[in-house]
Amino acid sequence: MIQLLSSFAIRTNDPAKEVAGMLCRDIDAFSFYIRDSLQPAIRSGSEEDLRHSFLTARKYYKRIEWAAEYFAYASARFINGAPKAEAELPGYMILNPTGLQVMEEHIFPAFDSSSRNLLLGQTDIILDKLTVFKSYFSGIPIAGWQILDAAKLEVFRIETLGITGYDNPLSRNSMEECATALQALRDALAPYSTAGNASLQQLNRSSAFLLANRDFDQFDRALFIRHYANPLTTAIEQLRRQLDFQGYRYNRLLRQDVFTLFDQDAFNADAYSPFLNQEHKAAKAALGEALFTETAFSGNRSISCASCHHPQTAFAENLAKHPDVNGTGLIDRNVPSLLNAALQPQQFYDQRAETLEEQINDVVHNPKEMGGQIHTALQAINGSGKYEQLFAAAFPGKAQPDSLAVTEALAAYVRSLVRMNSRFDDYMAGDDTALTDEEVKGFNLFMGKAACGTCHYMPLFSGVLPPKFITQDAEILGVPEKQGTKNIDYDRGVFKTLLGYNYFDSSRLSAFDHAFKTVTVRNMTKTAPYMHNGVFATLEEVMDFYNEGGGVGNGFLVHNQSLSEKKLQLNAEEIRQVIAFMHALDSR
């Protein structure tokens, strides 16, 4: 029925208008289905009928997902956003989870009939947002270049989120839903197809492969990405170039003109920089590299950035926590890697800094970490003449260094530490010899049964959510205070950051208590120990913790754990394979 409703296209001389009309019809079909089938099943249907109706409704959404996520992202998250609260700082709001993922938790693995009213309330929210979508696509013109841009992003969404079970972790109908999304893209791109372009053919091949391989645990994700998704996004980008579509250039982390997620320099390290002027970047980075080892920034003139961030350990260090600047205790958290730190929209485990510049300023002035003052350090720096030539090259025409110049230079150096050049990247770019069979199996587990990829999103393998990469996840894992105890760590993480804004009442922040930013697993083999408090000494300990279901699964009292407490049921061989894969993520 979904295919039939979408196949009646009104031909026009304006392909974009034709696609907008298709979207409006798909939105109507989704709305009708909710009212005529899903809501009746919720009110009085059997568990089997409800599950069938719900899974069908999800496929109706998948037909419009590519456009909803691109053109109406703020509304789309109310239909199929993550089932956890979000803090929206500019609007001073805590957004409660709504939509299909919330509904899934009440339908799978077993339906509780007492949730019927809750489910009906969720469908009303979805219907309201579909009205917003219909108004948008029937009233605001969309352009051909946007359609192709959105289509490519949807394929990126499928390979990074869709095939991992990110938005259907309980029903796990991932492959069929992804195939539905690709079939919708085929209809959207058909008016733009050109002779010799393979996009429609690749869409057909990819959706057929997904439908022929629906087993979630056995699905070969590495094969799909390399032989289906990569050629498909390449064909869509080639089509855009053939049509010479020149649209608005967004300042996105993932560059707009990439062919695949694994292109060289696919990610823009300056995307989160507060400076529009990117002149003299190399010179600023050179100055920042020199300042990285400068001890004048610390209160006792003995600690530099390099004291904690060591190149040989991926710019982290192999201590649970570094001694504080006063020598009387330890700093609050484990030292994170600086490699690829530029590729995240917030810094620190508690996400309290929006930019690298803010992060640097915070560390220098933190009474435990460096305990210094940049303006005081500048007196010694300017008097030494040590950086005179480097500064002149980085900031020509500027009389002398100031605090802004220092933080900008240090941030420029950190932005130069982007290293997306692991053996895994080579493999995904086409080098068949870059990974062993065990590592490929580990990747497939990571992205599937082991559920690592539903929080550590490929290809950054951090919590920066693809494909737009504008938000960053934080999770409540129930990390223990120390090994051998069932007490979770005292550190309250993101909760404390949000409380510091002074416009959130603490009673509204329970969903963020003990939440910490999801860090990248790239270069993890060099950065032990692990977690925000360095409690786990080895990757084996980390995997055992997750395999048991985090804090709750290990018997800890965690009232708000966002990580599933369900045991992963990974055997010893599978754990070895996942760890082997993580070794393939080391930068070179």
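Colleague: Is D244 buried or exposed?
Modeller: This is a predicted model. D244 is in the loop between α10 (221-242) and α11 (281-291), and has a positive phi of about 55 degrees without being a glycine. The cut-off for exposed is over 50% relative accessible area. D244 has 53% relative accessibility, so D244 counts as exposed.

Colleague: N340 has a positive phi too; is N340 buried or exposed?
Modeller: N340 is not a glycine either, and its phi is about 65 degrees. Its place is the loop between α11 and α12 (356-365). Buried means under 20% relative accessible area. The value for N340 is 9%, so N340 is buried.

Colleague: Which residues does Y413 touch, leaving out those up to four places away in sequence?
Modeller: Y413 sits in helix α15 (residues 403-415). With a relative accessible area of 8%, Y413 is buried. Its contacts, with that exclusion, are A285, G288, E289, F292 and F315.

Colleague: How are α17 and α21 oriented to each other?
Modeller: The axes of helix α17 (residues 437-446) and helix α21 (residues 572-583) come within 7 Å and cross at roughly 100 degrees. Angles of 65 to 115 degrees fall in one class. The two helices, α17 and α21, are therefore roughly perpendicular.

Colleague: How do the residues of the contact of α17 with α21 divide by type?
Modeller: On the α17 side, the residues include K441, F443 and F446. On the α21 side, they include R576, V578 and F581. The contact divides into 6 nonpolar, 2 polar and 5 charged residues.

Colleague: Which residue does a cis peptide bond join to P459?
Modeller: P459 lies in the loop between α17 and β3 (474-475). Omega is about 5 degrees for the bond, and the partner of P459 is M458.

Colleague: What is omega for the cis peptide bond of A528 and P529?
Modeller: P529 belongs to the loop between β4 (516-517) and α19 (539-547). The cis bond joins A528 to P529, with an omega of about 0 degrees.

Colleague: Where is the pLDDT below 50?
Modeller: The protein chain averages a pLDDT of 94, and 98% of the residues score at least 70. The stretch with pLDDT below 50 is residues 3-11.

How values were computed:
Residues numbered from 1 in each chain as written. Predicted model: local features only at pLDDT ≥ 70, side-chain atom pairs only at ≥ 80, totals over all residues. Heavy atoms only, no water. pLDDT = per-residue confidence, 0-100. Contact = heavy atoms within 4.5 Å. Helix = DSSP H or I, 4+ residues; strand = E, 2+ residues; numbered from the N terminus. Buried < 20%, exposed > 50% of the residue type's maximum accessible area, 1.4 Å probe, protein only. Axes fitted to C-alpha atoms, helices over the stretch in contact; angles between N-to-C directions. Parallel < 35°, antiparallel > 145°, perpendicular 65-115°, else oblique. Nonpolar A, V, L, I, M, F, W, Y, C, P; charged D, E, K, R; others polar.
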